[in-house]
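Dear colleague,

I am handing over the structure below, together with an account of what was found in it. Please read the notes alongside the sequence and the model.

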Amino acid sequence: MDRRTALQRIAMLMGGTLSASTIAGVLGGCSAGDDGVVFRARTLTDGKDELVATLCEVIIPETDTPGARGARVHEFIDNMLTDWYDQDEVDDFLNGLADVEQRVDGYGGKSFIHLTPQQQIQLLTDMETEAESWHDSGESSATPFFITIKSMTLIGYYTSEIGATQELRINPMGIYRADIPYSEINRAWA
């Protein structure tokens with residue numbers, strides 16, 4: 001599957017809520033860093049890269065396939081923010097991270113990364129509920145942070161080698177079989 005097809009599918013999944021910068025970055029070839037090269041955050045400094053890695057891993061956790069951390073989605077997001085997003089978008093993203101950390105107080109923690117997995121899921125579920133009400137209201141105000149981090153996570157994951165080859169499978173276009181039991185494939189085809 002090429003990046004353009006992956007982007008179209010992710011856009012449909014997200015209800016068309018992708019920013020122009022995100023689309024330009026993916027079509028421009030933005031990806032995580034190269035294998036064997038030590039990642040150095042350029043925008044997500046001062047521990048923000050670990051916060052983003054943790055948020056992304058909660059959104060796409062490791063199962064029988066690697067999760068967002070394994071696909072190095074946090075590196076993809078840092079590259080997007082550094083190379084493709086304008087300063088206002090970067091500021092909005094960093095403010096969203098600060099908001100997540102402020103919300104942690106209500107869950108009895110010092111940082112999102114130190115919450116229990118159940119607390120992390122609950123915090124993101126609460127943010128998702130707020131984002132859904134924003135979407136349903138039709139407001140034209142800034143996109144909620146949860147929608148931004150979720151869309152960047154999905155795009156970073158499903159345009160990575162891990163997401164495209166291990167999570168999704170390339171359909172080999174064999175004979176048409178309309179009655180394949182799900183237990184034989186266990187996941188969606190790319």
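Helices (H or I, at least four residues) and strands (E, at least two) are here DSSP runs, numbered from the N terminus. On that basis the elements of the protein run α-α-α-α-α-α-α-α-α from the N terminus on, that is, nine helices and zero strands. The model is a predicted one, in which local features need pLDDT of at least 70 and side-chain atom pairs count only at pLDDT 80 or more, while totals for chains, interfaces and linings use all residues. Residues are numbered from 1 along each chain as its sequence is written, and side-chain values use heavy atoms, with hydrogens and water left out.

Burial comes next. A residue is called buried under 20% relative accessible area, exposed over 50%, and partly exposed in between (1.4 Å probe, protein chains only). Of the 190 residues of the protein, 40% count as buried. Helix H4 (residues 73–83) is largely enclosed by the rest of the structure, because nine of its 11 residues are buried; among them are Phe76, Ile77 and Asp78.

The structure holds six salt bridges, each being a side-chain nitrogen of Lys or Arg within 4 Å of a carboxyl oxygen of Asp or Glu. One of them joins lysine 150 to glutamate 128, with the closest N and O atoms 3.3 Å apart. Lysine 150 lies in helix H7 and glutamate 128 in helix H6, so this pair ties together parts that are 22 residues apart in sequence. Lysine 150 is partly exposed at 24% relative accessible area, as is glutamate 128 at 26%.

Another salt bridge is formed by arginine 69 and glutamate 50, whose closest N and O atoms are 3.1 Å apart. This pair links distant parts of the chain, with arginine 69 in the loop between H3 and H4 and glutamate 50 in helix H3, 19 residues apart.

Within helix H5, arginine 103 and aspartate 99 lie four residues apart, about one turn of the helix, and their side chains meet in a salt bridge (2.8 Å, N to O). Asp99, Arg103 and Glu130 are linked in a network of salt bridges.

Two backbone details deserve a look. Aspartate 46 has a positive phi of about 55 degrees although it is not a glycine; this residue sits in the loop between helix H2 (20–27) and helix H3 (48–59), and is exposed at 74% relative accessibility. Arginine 72, also not a glycine, has a positive phi of about 60 degrees, and is found in the loop between H3 and H4, but counts as buried at 18% relative accessibility.

With kind regards
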